[in-house]
Amino acid sequence: MKAGARLSFPSGRLESQPRDRAGNAVVALRRGFVGLIGLSAVFNLFMLTGSLFMLQVYDRVLTSRSVPTLVALFLLVTGIYVALAALDTVRLRLSTRIADWFGEEIGSAVAGLALAWPVFGGERTASPIQDFDRLRGFIGSPAAIALSDLPWLPIYLAVAFMFHPQLGALALAGVLILFGLAVIGDQLAQTPVSAANNAAARRSRLLAVGEHTAETIAGLGMRDAWLRRYEQADEALRAAGREASDRMAVFVGASRGIRLLLQSASLALGAWLALQNEITPGMIIAVSIITARALAPVEQAIGHWRAFVSARQSWARLRGQIGSAEKTDEQRTRLPRPKSSLEVADLSVATPGTDGLLLKGVNFALDAGGSLGVIGPSGAGKSTLARALAGVLAPAGGSIRLDGAELSHWRPDQFARYVGYLPQDVHLFDGTVAENIARLATNPDPGAIIAAAGKANAHDLIARLPDGYDTRLGQGGVMLSAGQRQRIGLARALFGSPFLIVLDEPTAALDAEGDEALRKAVEDARAARSIVIVVAHRPSAIAGCECLLVLSEGRQAAFGTRSEILRESGRVAPRAAAS
């Protein structure tokens, strides 16, 4: 498997055609824009009203001096413009609905990508959520309306040709010139627009990290240093934005100047043709308006070209990521709950997004009811192994199997029900204690929540909180101590009696009472035929583990029963356990 690749988690149902969210989103967009372009056809026909009204006033009203004709024409024009205003309102609202349809179709898929992005993304330049927001904003903006007007340029050109071939040729030449500018601008805008989007993504990541670590920044006096980094990121964003805007400004200014020049040129040509008695005086003004209207959609499209290029790049990234995720998530038969064994064979794990290996050559096997303590010095790869076993990181080589089936054979939602994971950094969500223990499940069994808390010896702790299990914790569980968060995190890992339980430094913030609670939780899980893996530095955390795995510099140094490791390694294993 390629290093840093996303885990392949198929669905649990056997179906011949998996859902293609990206393809469905394209279908939704096409259907929506078909309606939008259809409305634009009527809108652009109505936009001929001004020029035709001018033609009738000059050629009929002024020559016949008929006031009733003028009043009738004006009333007709008033009704058309009222309909035009209503139609424009409908177009704008429809573009917003199209953006909503698009978001509804792929929003959850993008959110799933965003969850995987920090783990599997390496140094990706833009997050899926940023790409999604940028694309959805473009679809619902006036820029999409401008693009929907482009297919109806031939209407105006045809009318100009009907007035006179030379007038039509002039309007056509102007449209071709502006399209040429758009093509050149597209080529020159892609690089700076991409650089600006990447700079915006880097600044957003810096802000997110700053918000997450604000307490550390304040406590260590790093505020000025962090602000300097922010200023550098912001300056990079402004510089990239200036370059993109400067390039597009040339084409926007040129397109506007060309449109105004061509409008005057059509007026001059019309006047010359009128002097030659080839057109009527009313056609002079009418064709000038029509020419301006023919060029307006192209000019508007050029004005919005930076947004269009940015949205196109965002969609290219999103479609590839969603398609890749869906391809690896191809639906297969749902597997039964694992109940007998865990096998790790020649496991290697890479740094996300790179080919550098953090862990290599790990081999061990455990049967139901077994337990394993993973020890070794800092940087040995212990947490990397824990993340791989919990399905957070994908193997770069080798395999992890539950009852003989690789982790890639399970859907994430199915696999997660059979695995309990306690990471080093226990993060609790803004919700009640019960919701956090139940992993934010909808309508969970209260008995299962209380049972999980009891297994973690956290029930008394929770009962002493202001509202017990209904106490709201706030984002990150800010109202709890580190030890309380770890106990509730342990209850969350034990919720639902998972088959595989992976605990990474579970005693880091616990006192003696917490150590005893952990020991009992491991014993109870083993008695329930679960497999327990404990990653730890403190010897007390692995006291109840029957087997030990020693890691050193990302490699397996030893594996066996606790007595074997202690006997064969002499004092090396105790030092590794205590390091």
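Here is the chat about it.

Analyst: This is a predicted model, so to speak of local features needs pLDDT of at least 70, side-chain atom pairs count only at pLDDT 80 or more, and totals for chains, interfaces and linings use all residues. Residues are numbered from 1 along each chain as its sequence is written, and side-chain values use heavy atoms, with hydrogens and water left out.

User: Where does glutamate 505 sit, and is it buried or exposed?

Analyst: Glutamate 505 is in the loop between strand S7 (500-504) and helix H18 (512-527). Helices (H or I, at least four residues) and strands (E, at least two) are DSSP runs, numbered from the N terminus. Glutamate 505 has 10% relative accessibility, so it counts as buried. Buried means under 20% relative accessible area, exposed over 50%, partly exposed in between (1.4 Å probe, protein chains only).

User: What about its phi?

Analyst: Glutamate 505 has a positive phi, near 50°, and is not glycine. Most residues other than glycine have a negative phi.

User: And arginine 439, what is its phi?

Analyst: Phi of arginine 439 is near 60°. Arginine 439 lies in the loop between helix H14 (433-437) and helix H15 (446-455). At 31% relative accessibility, arginine 439 is partly exposed.

User: New topic. How do H5 and H10 pack?

Analyst: Helix H5 (residues 142-149) and helix H10 (residues 281-303) pack at about 140°, with axes 8 Å apart. Axes are lines fitted to C-alpha atoms, for helices over the stretch in contact, and angles run from 0 to 180 degrees between N-to-C directions. That makes H5 oblique to H10. Under 35 degrees counts as roughly parallel, over 145 as roughly antiparallel, 65 to 115 as roughly perpendicular, and the rest as oblique.
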